[in-house]
Amino acid sequence: MRSKKEYSYDTFLSPFTWRYAGDEMKAIWSEENKRLLLRKVWCALAKAENHFGLVSDEELSDIEKHCNDVDIQRSLEIESEIHHDLMAEIKAYAEQCPIGGGKIHLGATSTDILDNAEALRLKEAVKIIKTHLKTVSLSIRSLIKQYGNVPCMAYTHLQSAEETILGHRFLVWKESIDEAYDRISSLKIKGKGFKGAVGNYSGYDILLRGVKKNASSVNGVSLEKIALKELSLEAFNITTQVYPRYQDMEIMSALSLVAAVSSKIAFDIRLLQSSAYNELSEPFSKHQVGSSAMPFKRNPINSEKINSLARFVHSLESSAFENTASSALERTLDDSANRRLFLPEAFLGVDEILITLTKVLSGLVIKTEGINHNREKYGVFAATEGLLMKAVEKGGDRQFLHEEIRKECIVAKQMLDKTGNNPLKENLSNNKEFLRFMTKDEILCILNETPRFESLELKLKEALKNKK
């Protein structure tokens, strides 16, 4: 085996091999870890069988002694002859165990080992994703603490709407990340257990028929409980040859949610970094090149990568659906090849998304000049809502005055686009319909008033108190 930093560039390499995802996640989905987990399951089975006298103490000791002596090269040599990957691993393992090798995999079918090992691997991978999500949430919390009360424009339909504060936007991000964390945490990943070729325990029941113990406690179920306890793994109560593939659907759906909420944050940053808004910017290193053609460009490449990988992760969900819906009777093998791809790639993709998002958020540049420029340019439009409410309070017709504001805003926006000057304050303070209920100074006072966000500030304080 090559070390993880040695690659041959004369053949296809997945970007996840060398460009994307962290070393810890890559190690979980490595071939070496897969085979270590397979051996861990075989050892647990042997230990359970030892409890019933099916495997001797000497045989068990021999099997456990070589549990970590993975020899992938030897296993591949055997596989090239017999064309069965799991059986090749069994034979490679057995060759190392002169005493206990003949008892490895006793009573089991391939998926008794594969699906339990897969469940263990999925639990490891989920743990990393949860850690990343906590880090992202803390990064956003830091932004709320530092910039939460900074006033800014809010945008709906990509048009200026009302004023708000940066903490409002950041809190939306944090809530979505925390929701994704809860969804990932709610996954109850289970193994198949040890139920045999069609899930009916028949092989194990046959093995245990001659065991001289309390008949009620000697069966495949009792053996399964011991092996699962050894693995610290819960299993589905009833299975076919495999664990129900809807578990993969649930996992992929949760990962897709993580990708989606991360993508929304990245897309917001891309929009606010654009020349039209110029309010935020992802970090840009000293020697970073933005464009091969335009040296002045500072493209949001990290946020764009997040959006791209999120689409990819979401696209993988369909295979999990098809595997679930098309799993005929007790089992077919048409799920095997695609699961080798979409499970690791989904986790690796989300791993890279969250690593990148953490980097972007921890170095996020807050452009106060751009924020204030947009407030000065568009804030007065938002202030008209307060004017409308005050005029109605003094006896005005809400619908009629709404139309007056709408017409004045159209005129002001046209002038703003042509000259860069916004005449809305002046025009509204001289509007005869509003002057029926208010003085010019009262109108200007409302339009010039700095917005207050008592309720939002309360929400921000609550978020900062919450240590989640």
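The lining of the second largest pocket comprises 9 nonpolar, 6 polar and 8 charged residues; Ala, Val, Leu, Ile, Met, Phe, Trp, Tyr, Cys and Pro count as nonpolar, Asp, Glu, Lys and Arg as charged, and the others, Gly among them, as polar. The model is predicted, with local features needing pLDDT of at least 70 and side-chain atom pairs pLDDT 80 or more, while totals for chains, interfaces and linings use all residues. Residues are numbered from 1 along each chain as its sequence is written, and side-chain values use heavy atoms, without hydrogens and water.

**Second largest pocket**

- The second largest pocket holds about 650 Å³ of space, a volume being the space filled by probe spheres set on grid points joined across faces, edges and corners.
- Of its 23 lining residues, E163, G379, A383, E449 and P451 are the closest to the centre.
- A pocket is an open set of points on a 1 Å grid over the protein atoms alone, where a 1.4 Å probe fits, with protein on both sides within 12 Å along at least five of seven lines; lining residues have an atom within 4 Å of a point.
- Two or more lining residues come from each of strand 2 (159–165), helix 15 (368–393), helix 17 (424–429) and helix 19 (440–448).
- Helix 15 contributes the most, with 10 residues.
- Helices (H or I, at least four residues) and strands (E, at least two) are DSSP runs numbered from the N terminus.

**Helix 3 and helix 10**

- Helix 3 (residues 31–51) packs on helix 10 (residues 220–231) at about 135°, with the axes 8 Å apart; axes are lines fitted to C-alpha atoms, for helices over the stretch in contact, and angles run from 0 to 180 degrees between N-to-C directions.
- The two helices, helix 3 and helix 10, are therefore oblique to each other, as angles under 35 degrees count as roughly parallel, over 145 as roughly antiparallel, 65 to 115 as roughly perpendicular and the rest as oblique.
- Contact (heavy atoms within 4.5 Å) involves K40, V41, A44, L45, K47, A48, E49 and H51 of helix 3 and L223, I226, A227, E230 and L231 of helix 10.
- These contact residues divide into 8 nonpolar, 1 polar and 4 charged.

**Helix 11 and helix 13**

- The axes of helix 11 (residues 246–273) and helix 13 (residues 317–325) come within 8 Å and cross at roughly 160°.
- Helix 11 and helix 13 are therefore roughly antiparallel.
- Y246, D248, M249, M252, S253 and S256 of helix 11 meet E317, A320, F321 and T324 of helix 13.
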